[in-house]
Amino acid sequence: MVDSEQVQPFIPFQFPETAALGVPDQYGKKQGQKIPKETIYQQASPTHAVRQLFVSQVEHITWRYKLSADTLNVAANGDVPEIQVFDIQLKADCDALDRQVLETLDKAIPSNIFYRIFNANERRPQLQCVMAYKRANKRDTDVMVVQDYFSSEWTALPVVESVTEATQKLPVVLNMAGLYTELLRSLLPVPARSGERIDEQLSRISELSALHGKLTQLQGQQRKEKQFNRKVEMNSQINQLKQQIRSLQGI
């Protein structure tokens, strides 16, 4: 999972009740459909080690919303017919979810999934949102290919559930593919340039990640280097890398 250093603080989305799943409670609010872990095991056939991650980290998984052309009143799209919203409640003694858990869920469910992970370890419950760059396999449309995961920082939830000031409405989009792009972009560490496609933005982020890795490695080598001339040469290389990073970060 990629740690996201948000340019602006992440604001959780407020999903419409028209997309909510489950039976209404006494207040008329749908609480979603619980997904048994055994159902996931049957679909994805995880290893024993991954099953143990589910047991030790996950309290329960709830399918809360189905975002589609019908439930949102937006245009359909063949590449992104639906987006599911899953709530994952962590165990009381767990403060982070292993990526293999998400990979197993994405393997089991051939749909794009927006995860809301709830951590109850703090006095005030916290939320982290995660989504994969996930696309259909060109050879087998029933299989989804996950390229990478992106996440928000942990965000404190409002004390009163009905408070909406701490949330934002879904972005206005033309179709489901546009919604998928905007949901994913809300979690990316670098904002999109004007007119930049999502695949171009992700390629730029991947290149930035590689450059940051090279920079960290070179800075470590420079600190250990004893020869002055070699230090000067490394400093020049470091400045070049920093310039490349600034250029790629520019909007």
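Mentor: A search of the whole structure, a predicted model, finds 7 aromatic pairs.

Trainee: What makes the pair of F10 and F13 edge-to-face?

Mentor: The angle of the planes. The ring planes of F10 and F13 stand at 80°, and over 60 degrees counts as edge-to-face. The centres are 6.3 Å apart, and the limit for a pair is within 6.5 Å. So F10 and F13 are a pair, and the pair is edge-to-face.

Trainee: Why is the aromatic pair of F13 and F15 called tilted?

Mentor: The planes of F13 and F15 are 50° apart. Stacked needs under 30 degrees and edge-to-face needs over 60, with the rest tilted. So 50° falls in the rest, and the pair is tilted. Centre to centre, F13 and F15 are 6.4 Å apart.

Trainee: Which residues form one aromatic cluster?

Mentor: F10, F13, F15, Y65 and F114.

Trainee: How do you know whether F10, F13 and F15 are buried or exposed?

Mentor: Set each value against the cut-off. Buried means under 20% relative accessible area. F10 has 7%, F13 has 7% and F15 has 6%. Therefore F10, F13 and F15 are each buried.

Trainee: What share of the residues in the protein is buried?

Mentor: Buried residues make up 40% of the 251 residues. The protein has 7 helices and 9 strands. Its C-alpha trace spans about 75 × 45 × 40 Å along the principal axes.

Trainee: Which residues make the contact between α6 and α7?

Mentor: From α6, the list includes R204, L208, L211, L215 and L218. From α7, it includes M234, I238, L241, I245 and L248.

Trainee: How do the residues of the contact of α6 with α7 divide?

Mentor: Into 9 nonpolar, 8 polar and 6 charged.

Trainee: Is S206 buried, exposed or partly exposed, and what makes it so?

Mentor: S206 is in helix α6. Its relative accessibility is 48%. Buried means under 20% and exposed over 50%, with partly exposed in between. So S206 counts as partly exposed.

Trainee: How far is S206 from A75 in sequence and in space?

Mentor: S206 and A75 are 131 residues apart in sequence. C-alpha to C-alpha, S206 and A75 are 31 Å apart in space.

Trainee: What stands out about phi of S45?

Mentor: Phi of S45 is near 50°, a positive value in a residue other than glycine. S45 lies in the loop between α1 (37-44) and α2 (48-57).

Trainee: How do you know whether S45 is buried or exposed?

Mentor: S45 has a relative accessible area of 57%. Exposed means over 50%, so S45 is exposed.

Trainee: And what of N73, its phi and its place?

Mentor: N73 is not a glycine, yet its phi is positive, about 60°. N73 sits in the loop between α3 (69-72) and β4 (82-90). Its relative accessible area is 72%. That is set against the cut-off of over 50%, so N73 is exposed.

Definitions and conventions:
Residues are numbered from 1 along each chain as its sequence is written. This is a predicted model: local features need pLDDT of at least 70, side-chain atom pairs count only at pLDDT 80 or more; totals for chains, interfaces and linings use all residues. Side-chain values use heavy atoms; hydrogens and water are left out. Contact means heavy atoms within 4.5 Å. Helices (H or I, at least four residues) and strands (E, at least two) are DSSP runs, numbered from the N terminus. Ala, Val, Leu, Ile, Met, Phe, Trp, Tyr, Cys and Pro count as nonpolar, Asp, Glu, Lys and Arg as charged, and the others, Gly among them, as polar. Buried means under 20% relative accessible area, exposed over 50%, partly exposed in between (1.4 Å probe, protein chains only). Rings of Phe, Tyr and Trp (its six-membered ring) pair if their centres lie within 6.5 Å; planes under 30 degrees apart count as stacked, over 60 as edge-to-face and the rest as tilted.
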